[in-house]
Structures are given as structure tokens and as C-alpha cells.
Amino acid sequence: MTEPIIQPDLMRISWGPQHPMSGQTRILLDIDGEKVYKIIADLGFTHRGIEKILENRTFFQGVIPIERMVMADTANIGLGYITAIEEALDIQVPERAQWIRSLICEMGRINSHLYAFGLQAEATGYFPAVFLWTTTDRTPILDLFEELTGARWSYNFFLPGGVYKDLPEGFQGKIIKVVHYLRRRFQDYWDALVENAVFELRCNGLAVLKPEDAIRLGATGPVLRGSGVAMDVRRDEPYAAYGDLDFQVMTEQACDVMARTKVRFKEIGQSLNMMEQIANEIPGGEIRARTTPFMRGKEAEALSRVETARGELQIHVFTEATPNPYRVKINSPTLRNMYVFERLAELNEILMADIPVVISSIDPWYLDSDR
Amino acid sequence: MSEDTIINKIKEAHQDQIESATIMRAKRLSIVVKRESFVEVAKSLRDTFGFTQPSAGGGVDYPTENRMQMIYYLMNLEHRVLLTYRVNVPRDAPKLPSLTQVWEALSFHEREAHEMFGFEFEGHPNMIPFLLPPDWRGGHPLRKDFKGEGVTA
Amino acid sequence: MQEESKELRRNFDNVPGSGAVYNVIDYIAGWARKYSIWPIHLVTGCCGPEFMQTSGSEYDMERLGVLPFASVRQCDCIMVVGVVSRKMALRVKYLYEQMGEPKYVVSVGACPTGKGPFYDSYAVVAVDEVVPVDVYIPGCPPRPEAIIHGMMLLQEKIMKEKRIGVKE
């Protein structure tokens, strides 16, 4: 394997693809005793060649491979692709469809943040209780998804021009019940994770990322907002129904691991408020514009940005007068955050036992960075 | 400042060095620059015009016109404008200076563009295999004339 | 291991009543082994969250004895959960060779079974080109009930073995 040359008095260990906490990647650590001098990320273990596959799929079929980039948060990623196609081909979307899209995106965001908490609790001292709480608390959300779209994780529910089906009878009441249940559990999570003495000892002051470094190194998502930079695509360029929903962009000033956890917490609270507002105020109307499954494009290009749970996703689509796109370029948030993770060892002093804590605060999903 | 002002200022400052500078739509700009002044214009974009946050970099292959285009995506934090910074290279000699001297976070993206298209970045600090297996023998996957399964040892 | 078992059986076949004794021992060994299958914790692709929901609270896989474990030397089976790319296929093969006999492979999801939605990709392999597979569980991702059904099929397969490790 071709890797950079290591210094003679450091030991290189490989935290490999088969490890309970590493995920699907290999990370090489150059250590001397307990202190980590250099981190090298070896990505590519889940590379599937999605950008090449999408040149062989029609516009309707293209949502399926692209949704499998992050399984916990498929709504936001599918919406990024669909928004780019609609912009390139000049398709107008009715208003009720935009509100339903926002509802599904917020539910996906809560799903993904709960997953990130479970992993972070497991990394910081193996609290299997909190990990199992998160799997249980995701069940009402997955049941809502199943009733609306038919699938639990990957829905294929968006299409260029709207959404497939309308909300069923009584769905708005169910959303409000789930929102109240999750708000009660919120207090339990705060006490168990954030105000926990062990968690505070391990996480306060660890892996500090100052705002100028975060911007220069290209951080995105809760990593950037945990360093005090208020940047959120839903506020800069409102897409779907975010222009009408009221929410705030959450930031923290402490710039360490605990700040990023608190940012994710508060974002769940904002998403619950948005779900309640959508359930109460959704307008009526049609849910899809008229499009045909094998529509031909025209010569255009479009670049769309959406805010997924991990950060900002940009999709650049080049279309021609064929049923397939010419080129799809996907700029994933985790690839940007992995570069930040590599440089954290040079900016701070990190011990080997802190590596799972730091990496779970960055919240990477390696299928997203490898595409 | 709106996008018109930013684009006009960039056009004034670098008249002979850019081939075209257009506004794609609200909050999206596009600049195609000549290969000789690639790094110089990039440095001025970072220092004078405030494009300090690098997002990504990727390529597009145009085999019929015998060129490949490398695109970098840069963000201006003050006005929240996204710029696509493009350069055209001939398809049989795709050599470019590396932009890691200006924004160091583009290192991963240049490694991936090298594997997928065959761009050669001069001055990149760490050009080793990134996403494909290290014993890959099959060619450059994202080119339009790649129609094979992967070949490994 | 299969040759030794055949040897033993040949030596004891002419002793009257040996068939009944061996049947009882096989039955108890199969019963004990099928209720403690320990798979290795190897999530290779996007079916991972569904696997975690299956070992979570509502569909609890551990009541069947299935405990995901970290060290491969002490495990029984590999559950290949999700897409296997070319780089990861080498590691799956190494893990298969490092496990002790008797060992099983379960392929969870549509992607390791037959490439799934990435059927024309240059970087995806089906896992039965690399290791021999015992049970296939299709789905994208498979529901937790489907994963539990697949593990119960593996339990039936273990119970049907005439000798420990002799697969038919």
C-alpha cells in the first residue's frame, strides 16, 4: 500500500474497517505513547461509483442510488438531486408538495441526529442504555414514515414536480402526538448525556476548532455551527417551504466536542417545532406537477444546495437532450469534515483514547464521503 | 453587494486572464479562467474578493470537443454566494497546477479527480490512491470511454 | 473435521445402539449451537441502521442468542450487512479465513446478494464471489422481521447437520 513515510520513533497503528466503533473506514494513527501526532484517513471502503451509475439512469430512477448515500437521512439527499433536476428542466412545484417535502426532511433530520447521539454515547464510555433509547425513540418516526411512504428508511417519495402521495386521513393528529412524545424524552436525553458528569469530563475542552480554522479548512454542518459560525442553507437560500417556517439557526461558542453535541440537540428541538407548525398550517392544493417518467432534458446545468443533517450537500447536474443526465457531481459534507478531522491532531493535543469521542462528534457517514 | 457588482469587479481586475464570467442564477457565479493565470486569479479571489471557504472540486469530460474541464466550488461567506471556478485543459495532456497552495482543503478532491479523470496536479503534497483499491489497473472510471468492470490484481 | 467425524462413525457403526446415541448427541449439540450464534460486527454498507434496529429494543435479536461480537476469533458467523466494494471484499475474505470452524456466512441485503441497485457499477462485487454463503436475506434494506427470519433459517440449517460442521 502506498502511504506517506512515517517518522522513525512513532508507531503507526491501523484502526481498521472491522472494529466496533470505527465504521466502514480505516484510520491510521501515528502515536508515541498515548499522544497522537498524525491522523491519516484511508477512505474508499464503500465506494460504489454513484456518479458513473447516475449517467445510466433516467431522472426518475436517479433518486434510488443517490438516496443510498446516507441511509439515516435519505430525505434531504433525495431532495438535493430532485431540486437540481427541477431547476435544470424548469419544472414548477405546487405549494402543498413543498410543505410535505419539508415535513419529511425534518423527520429525517431528527432520525439522523438521534442516530448520532446513540453512537456518541456508545463511544464515550459505552452507555448502551442511551444507545438503546435512541433505537426505541426512532420507532415512532419510522412508523410515521411507513404509513406515509411505504418504507422505513429509503422512500423514493420525491419525484421531479412534487411528491407521490398525499397525507393520509388523521396523519396530522399523529404527527402532533409524536412531537409531544419526543419533547418529553428530550429532557431525559439532556439529563443523561449533556448534564452527565462523566460526559462533561470527557468532552469539555476536547478538540477545539476555532472559527477561522473551521472556515479555512472547509468544515460544514454542526461542526461549523459548533464553532460559532451561523451558516445554514435553509436560512441563506430557502428551498422547499423553509421561507414560510420559523426556526432559528443554532450556534454555540465553545468550539469543542460538547458544543457540537449541544448544537445537534437544539436542532432537534427546532425540527420538532417545525413539524408541529407544518401539521397545523399546511395549505391545500395539488401535490404534483405533470411530468412523464421518460422525459427528455434540454441543454442546461443547475447547482443546488441543501442542508442535510451532516452539513451542506451540493449537487451539480449537467443535462442534455437525452433522458439521462450528462454528468452529476456530488459534493458531500462528510468528505469536507474528514479533512478537518485529519488536521485536528495538529491543532490540538489528542490522546488515543479520545479518538472515538472526537470522531463521533464530527458525525461522519463514510458511505457519504465515498459515494 | 449583489452578484452583478462582484462579477463586474472581478472582470475589471482580471480582464485578460479570464475567458468568461457569468451569473448562472441568483447566488451562483461562474468564471472560466485561462490556464496560465490559474493560480494568480485564485489567490486574488481568496484575498481580495472574500472567497475563503472551499467546498469541493471535480471534473467534467467532453470527448467530442477534446477537452476536460476542472471545476472548483468556492463560497463567499459575507454575501453567501457560490462560485464555480473552471479551467479547460486538453484531453491528452491534462496538467494543472494544484490549488492546495491557495486552499489546502482541496487536497482530497484533487486526489479523487486524479483517479477518476487522469488530471495531473503539479505540486500536490500527497498524491496517493484515494477511493479506488491501490492495485487498480482499469483506467480512469469517470471518463466517457471507460466501459469496463474494475480490474484488480 | 469432516474426515474425522466419518472415521468415528465408521468405527462405531457395528456396535449395536450406536445410531441412537449419536443421534441424541448430535441433537443436543445442534440445539446448543443454534441458540448461540455470535456474528462478527462487520457493517459494510448502508443496511447498517436496519441491523442496529434489529438488535435494538423492539425487535430484539439477542433473545435468539445472536450477539454481535468484536473479535473474529471467537465468532461463529459473518453477517455481511450492505454493499461490498472491491476494497472491502479483501477484508471480508481475510475475516472468513481467520474464523474458526464451523463457520457460516449470512448475506443481509440486496447488494451482497447480487449487487442490488448498483448492478452496473465498476466497484461493487457480490459477496458469493469471495466467500461461500449459507443464507441470503433480500431487501433494500430488509425489514427486521426479515433479518430475524433469516437467522432462524440459519438455525434450522445448523440443527439439520448430521455431524458438527458437516454441511449438506
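## Where chains A and C touch, and some backbone details

In this predicted model, 25 residues of chain A are in contact (C-beta atoms, placed from the backbone, within 7 Å) with 29 residues of chain C. On the chain A side, helices H1 (50-53), H2 (63-67) and H5 (128-149) each give two or more residues. H5(A) gives the most, with 4 residues. Helices are DSSP runs of H or I with at least four residues, strands are runs of E with at least two, and both are numbered from the N terminus. By class, this side of chain A has 12 nonpolar, 10 polar and 3 charged residues. Asp, Glu, Lys and Arg count as charged; Ala, Val, Leu, Ile, Met, Phe, Trp, Tyr, Cys and Pro as nonpolar; the others, Gly among them, as polar.

Residues are numbered from 1 along each chain as its sequence is written, and chains are lettered from A in the order in which they are written. Local features need pLDDT of at least 70, side-chain atom pairs count only at pLDDT 80 or more, and totals for chains, interfaces and linings use all residues.

| Cis bond | Omega | Loop of the proline |
|---|---|---|
| Glu101(C) to Pro102(C) | about -15° | between H4 (86-98) and E4 (104-108) of chain C |
| Cys140(C) to Pro141(C) | near -10° | between E6 (135-137) and H6 (144-159) of chain C |

Now to chain B. Lys27(B) is not a glycine, yet its phi is positive, about 70°. Lys27(B) sits in the loop between strands E1 (18-25) and E2 (28-33) of chain B. Is Asn66(B) buried or exposed? Asn66(B) counts as exposed because it has 9 C-beta neighbours inside 10 Å. The cut-offs within 10 Å are 20 or more other C-beta atoms, placed from the backbone, for buried, 12 or fewer for exposed, and in between for partly exposed. Phi of Asn66(B) is positive too, near 60°.

Definitions and conventions: Contact = placed C-beta atoms within 7 Å.
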